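Dear colleague,

I am handing over the structure below, and after it you will find notes on what was found.

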Amino acid sequence: MSVAPLDAPPLVSPATHAAAVADLLRRFRALPAGTRMRLGKKSSNLFRFGGREQITDRLDTSDLTGVISVDPVGLTAEVQGMTTYEDLVAATLPYGVMPLVVPQLKTITLGGAVTGLGIESTSFRHGLPHESVREMDILTADGDVITITPDNEHADLYRGFPNSYGTLGYALRLVIDVQPVKPYVRIEHHRVDTADLEKQITQVCDLDVADGPDFVDASVLAEGEQYLTLGWFTDEPGPAGPSDYTGQKIFWRSIDRLPTDVLTVHDYIWRWDTDWFWCSRALGAQNPVVRLFWPRRYRRSDVYRRLVSLDRRYRFSGRIRGLFGKPQEELVVQDVEIPVERLAEFLEAFHRDIGIAPFWLCPLRLRGQTTWPLYPMKADELYVNVGFWSSVEEVPGQPDAHNRRIEELVAELGGHKSLYSTVHYDEREFWEHYNGPAYRALKGRYDPHGRLPDLYTKVTGSGRA
């Protein structure tokens with residue numbers, strides 16, 4: 001067993017974890033018969049805003065938010081299910097390792113990324129977070145804890161858990177693969193013509209490990225202006241030392257200004273979180289004067305998300321727009337996967353019909369030949385995640401017109417859409433895209449009494465979820 005580095009946060013002992021699970025089970029089994037199972041978390045990265053949530057009936061999971069072990073030799077980590085990636089990265093980096101894929105926002109939890117989806121600039125090589133999971137302990141709807149692996153008697157749940165969003169159970173413990181890191185990441189920003197974007201992405205993602213970058217993503221700053229960003233682990237801090245984008249400087253504004261840059265590996269991992277990509281500008285946080293007085297500890301995605309949630313709940317901005325006679329706005333917050341050879345078609349239609357900029361591009365390919373039935377991407381096919389987070393003027397009488405257009409476009413191009421945000425499919429369409437037969441088989445085995453909502457009900461808000 002390795003000796004813990006001096007700067008590593010304390011780990012959770014297996015005995016402490018076992019006691020936390022036993023306490024959760026005791027409280028769960030004490031609920032009245034028929035009560036819906038609900039686990040409580042301090043934060044959310046979902047963008048499905050409804051009425052004010054009543055959380056008094058949720059089971060506290062604050063004792064399941066730590067890292068149990070880190071093995072820098074065997075390249076694994078054992079992690080409690082409600083651990084945020086912020087805490088997971090803080091625990092692994094002192095050992096010289098990090099998860100294979102670290103989603104962009106600090107308060108995304110490991111269990112949340114696995115039962116939902118997550119992506120980042122290592123996904124062209126390492127796929128999605130659930131693909132690095134070796135085993136999980138799952139709390140089922142009936143109050144049992146089962147261990148699932150790729151090849152045990154619960155292999156069907158192992159493959160069906162991703163994209164189930166807590167409707168088939170909750171991850172309490174996970175064993176994941178990790179990778180070695182170096183102290184810094186050297187990055188290059190390359191402006192790419194629209195006509196060459198598909199080709200450039202494909203070529204760089206097809207390079208082997210020895211010749212290719214460790215990180216690949218891209219940013220579309222305006223129609224016709226896109227930058228491909230490549231990153232490599234390095235031991236060198238650069239001649240001027242690593243850049244710091246947690247203060248007055250803003251990472252996304254450096255993309256078209258600095259051909260090369262160096263960040264610490266920690267700051268590279270969280271380069272988008274300080275300003276929630278570019279979205280903090282809508283809250284004034286990128287105004288130099290406002291930023292000067294906005295405490296650094298509050299320049300983070302979960303703070304911005306809470307502000308947006310309050311606005312959606314109480315409709316402050318909508319009321320102000322109404323007072324000034326301005327049209328209401330439709331929130332368009334989505335991540336979609338498009339086959340790389342159809343990317344140009346998507347971008348042309350997106351610029352024409354939606355008109356949001358900037359937005360993010362992140363290539364991904366499944367890590368292996370295993371496919372995942374509730375999010376049926378093809379093995380060996382390169383996709384590009386397109387992430388856009390903004391609002392546009394509503395179409396009169398059609399408040400969901402732009403989101404619906406995106407869903408139609410994604411279907412036309414053979415893509416897939418993540419379910420963390422609003423969903424506008426009718427039930428028939430939904431199950432066509434997300435493998436209704438496979439889901440119903442899993443639901444029948446692991447939640448036969450319907451103690452958890454089904455996936456369609458949960459993501460569309462069509463019932464109590």
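In helix 9, the residues S301, D302, V303, Y304, R305, V308 and S309 are buried, where buried means under 20% relative accessible area with a 1.4 Å probe and protein chains only. This is a predicted model, in which local features need pLDDT of at least 70 and side-chain atom pairs count only at pLDDT 80 or more, while totals for chains, interfaces and linings use all residues. Residues are numbered from 1 along each chain as its sequence is written, and side-chain values use heavy atoms, with hydrogens and water left out.

Helix 9 covers residues 301-314, helices being DSSP runs of H or I with at least four residues and strands runs of E with at least two, numbered from the N terminus. R315, which follows helix 9, has a positive phi near 55 degrees.

Helix 9 also contributes two or more residues to the lining of the second largest pocket, as do helix 10 (316-323), strand 13 (329-339) and strand 15 (383-393). Of the 33 lining residues, R312, E329, L331, S390 and S391 lie nearest the centre of this pocket. On a 1 Å grid over the protein atoms alone, a pocket is an open set of points where a 1.4 Å probe fits, with protein on both sides within 12 Å along at least five of seven lines, and lining residues have an atom within 4 Å of a point.

In helix 11 (residues 343-353), L343, F346, L347, A349, F350 and H351 are buried. G355, which follows helix 11, has a positive phi near 80 degrees.

Best regards

Methods. The expected span of a helix is 1.5 Å times one less than its number of residues. Buried means under 20% relative accessible area, exposed over 50%, partly exposed in between (1.4 Å probe, protein chains only).
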